Amino acid sequence: MPYVITEPCIDVKDGTCVDVCPVDCIKTTPDDAMFYIDPDGCIDCNACRHVCPVDAIFSTWEIPVGQEQYTQINADFFRKK
């Protein structure tokens with residue numbers, strides 16, 4: 001099950017998660033307010049979660065209540081290209 005970046009990342013865009021991702025599946029654009037994880041590329045290694053300074057990364061089965069929509073938001077970022 002892939003990891004998902006949630007609301008606490010908005011307007012932070014620290015980028016530490018990108019640096020540790022072994023499969024380069026965390027992306028953004030200059031116009032986006034946060035990073036996104038590609039659900040098809042994520043290998044569930046958990047590396048990104050441990051370095052996130054705002055605790056915004058969760059596995060799909062641990063997403064906090066009220067943040068569930070970020071599973072689709074992350075997936076949609078990669079589908080729109």
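Colleague: Which residues does Gln67 touch, not counting those up to four places away in sequence?

Modeller: Keep in mind that this is a predicted model. Gln67 sits in the loop between β4 (57-59) and α3 (69-79). Leaving out residues up to four places away in sequence, the ones Gln67 touches are Thr6, Glu7 and Pro8.

Colleague: And what is the length of the polar contact that joins the side chains of Gln67 and Glu7?

Modeller: Glu7 is among the residues that Gln67 touches. Their side chains are joined by a polar contact, and its length is 2.9 Å.

Colleague: Is Gln67 buried or exposed?

Modeller: The relative accessible area of Gln67 is 12%. Buried means under 20%, so Gln67 counts as buried.

Colleague: Moving on to the rings, how are Tyr36 and Phe77 arranged: stacked or edge-to-face?

Modeller: There are two aromatic pairs in the structure. In the pair of Tyr36 and Phe77, the ring centres are 4.3 Å apart and the planes sit at 10°. Planes under 30 degrees apart count as stacked, so this pair is stacked.

Colleague: How many residues apart in sequence are the parts that the pair of Tyr36 and Phe77 ties together?

Modeller: Tyr36 belongs to strand β3 (residues 36-37), while Phe77 belongs to helix α3. The pair therefore ties together parts whose separation in sequence is 41 residues.

Colleague: What about Phe77 and Phe78, are they stacked or edge-to-face?

Modeller: Their ring centres are 5.0 Å apart, with the planes at 85°. Over 60 degrees counts as edge-to-face, so that is what we call this pair: edge-to-face.

Colleague: Which residues form the aromatic cluster, then?

Modeller: Phe77 is buried at 2% relative accessible area, and Phe78 is buried at 19%. Tyr36 is buried too. The one cluster they form is Tyr36, Phe77 and Phe78.

Colleague: Which elements each supply at least two residues of the largest nonpolar core?

Modeller: That core has 22 residues, and Ile26 is one of those with the most contacts inside it. Among the residues Ile26 touches are Ile5, Tyr36, Ile37 and Cys48. The elements that each supply at least two core residues are β1 (3-5), β3, β4 and α3.

Colleague: Last one: which residues does Ser59 touch, not counting those up to four places away in sequence?

Modeller: Ser59 lies in strand β4 and counts as buried at 2% relative accessibility. With residues up to four places away in sequence left out, Ser59 touches Met1, Pro2, Tyr3 and Arg49.

How values were computed
Residues are numbered from 1 along each chain as its sequence is written. This is a predicted model: local features need pLDDT of at least 70, side-chain atom pairs count only at pLDDT 80 or more; totals for chains, interfaces and linings use all residues. Side-chain values use heavy atoms; hydrogens and water are left out. Helices (H or I, at least four residues) and strands (E, at least two) are DSSP runs, numbered from the N terminus. Buried means under 20% relative accessible area, exposed over 50%, partly exposed in between (1.4 Å probe, protein chains only). A polar contact is a pair of N or O atoms within 3.5 Å; within protein, one must be able to donate a hydrogen and the other to accept it, and residues adjacent in sequence count only if both atoms are side-chain atoms. Contact means heavy atoms within 4.5 Å. Rings of Phe, Tyr and Trp (its six-membered ring) pair if their centres lie within 6.5 Å; planes under 30 degrees apart count as stacked, over 60 as edge-to-face and the rest as tilted. A nonpolar core is a set of buried Ala, Val, Leu, Ile, Met, Phe, Trp, Tyr and Cys residues joined through side-chain atoms within 4.5 Å.
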